[in-house]
Amino acid sequence: QVHLVESGGGLVQAGGSLRLSCAASGSIVSIIDMAWYRQAPGKQRELVAVISSGGSTNYPDSVKGRFTISRDYVKNMVYLQMNNLKPEDTAVYYCNTPARTIDWGQGTQVTVSS
């Protein structure tokens, strides 16, 4: 069974940057598409970045140009570099597959102050 552990969140001022990490147990993570999601209070969980097993990436317009997803195939890690953060990026961030096939981790809180 694969377990996901997200880390790297924190409190940052608008315009700042954070780098989130997703550690996955099990080598299967290195050969499947992975994604980052976020959930703000009172809102549904939304997809913010996808990276394919081959390294192709995709982002919604809301974060395009500011967020970058990457992965380390050897360490079974997935990262989310977030630049020029905005208050509306405040949320709990999670990693999973694009089809949400892995049990959710605890997420990591990102708070952006204005």
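Predicted model: local features only at pLDDT ≥ 70, side-chain atom pairs only at ≥ 80, totals over all residues.
Trainee: Where should I begin with the strands, and in which sense do S4 and S5 pair?

Mentor: Begin with the residue ranges. Strand S4 covers residues 34–39 and strand S5 covers residues 46–51; the two pair in the antiparallel sense, over five bridges. Within this pairing, Tyr37 stands opposite Leu47 of S5.

Trainee: Which residue in the hairpin of S4 and S5 takes a positive phi?

Mentor: That residue is Gly42, with a phi near 75°. The hairpin has six residues between its strands.

Trainee: Which strand pairs with S5 over two bridges?

Mentor: Strand S6, residues 57–58, pairs with S5 in the antiparallel sense. In the hairpin of S5 and S6, five residues lie between the strands, and Gly55 takes a positive phi near 100°.

Trainee: How are the side chains of a strand arranged in general?

Mentor: In a regular strand, side chains alternate between the two faces of the sheet.

Trainee: Let us turn to the rings. What describes a pair of aromatic rings?

Mentor: Two quantities describe such a pair: the distance of the centres and the angle of the planes. In this model the count comes to two aromatic pairs. One of them joins Tyr37 and Trp104, with 5.2 Å centre to centre and 85° between the planes, an edge-to-face arrangement. This pair links distant parts of the chain: Tyr37 belongs to strand S4, whereas Trp104 is in the loop between strand S9 (91–96) and strand S10 (108–113), 67 residues apart.

Trainee: Is Tyr37 buried or exposed?

Mentor: Tyr37 counts as buried because its relative accessibility is 1%, and the cut-off for buried is under 20%. Trp104, by contrast, is partly exposed, with a relative accessible area of 32%.

Trainee: Why is the pair of Tyr94 and Trp104 edge-to-face?

Mentor: The planes of these two rings stand at 75°, with the centres 5.7 Å apart; planes over 60 degrees apart count as edge-to-face, so the pair of Tyr94 and Trp104 qualifies. Tyr94 lies in strand S9 and Trp104 in the loop between S9 and S10, ten residues apart. At 10% relative accessibility, Tyr94 counts as buried.

Trainee: Which residues form one aromatic cluster?

Mentor: Tyr37, Tyr94 and Trp104 form that cluster.

Trainee: Over which ring does the charged end of Arg45 sit, 3.9 Å from its centre?

Mentor: The charged end of Arg45 sits over the ring of Tyr94 at that distance. Arg45 also lies over the face of Trp104, at 4.2 Å from the ring centre.

Notes:
Residues numbered from 1 in each chain as written. Heavy atoms only, no water. Pairing = 2+ DSSP bridges. Helix = DSSP H or I, 4+ residues; strand = E, 2+ residues; numbered from the N terminus. Phe/Tyr/Trp six-rings, centres within 6.5 Å; stacked < 30°, edge-to-face > 60°. Buried < 20%, exposed > 50% of the residue type's maximum accessible area, 1.4 Å probe, protein only. Lys NZ or Arg CZ within 6 Å of the ring centre and 35° of its normal.
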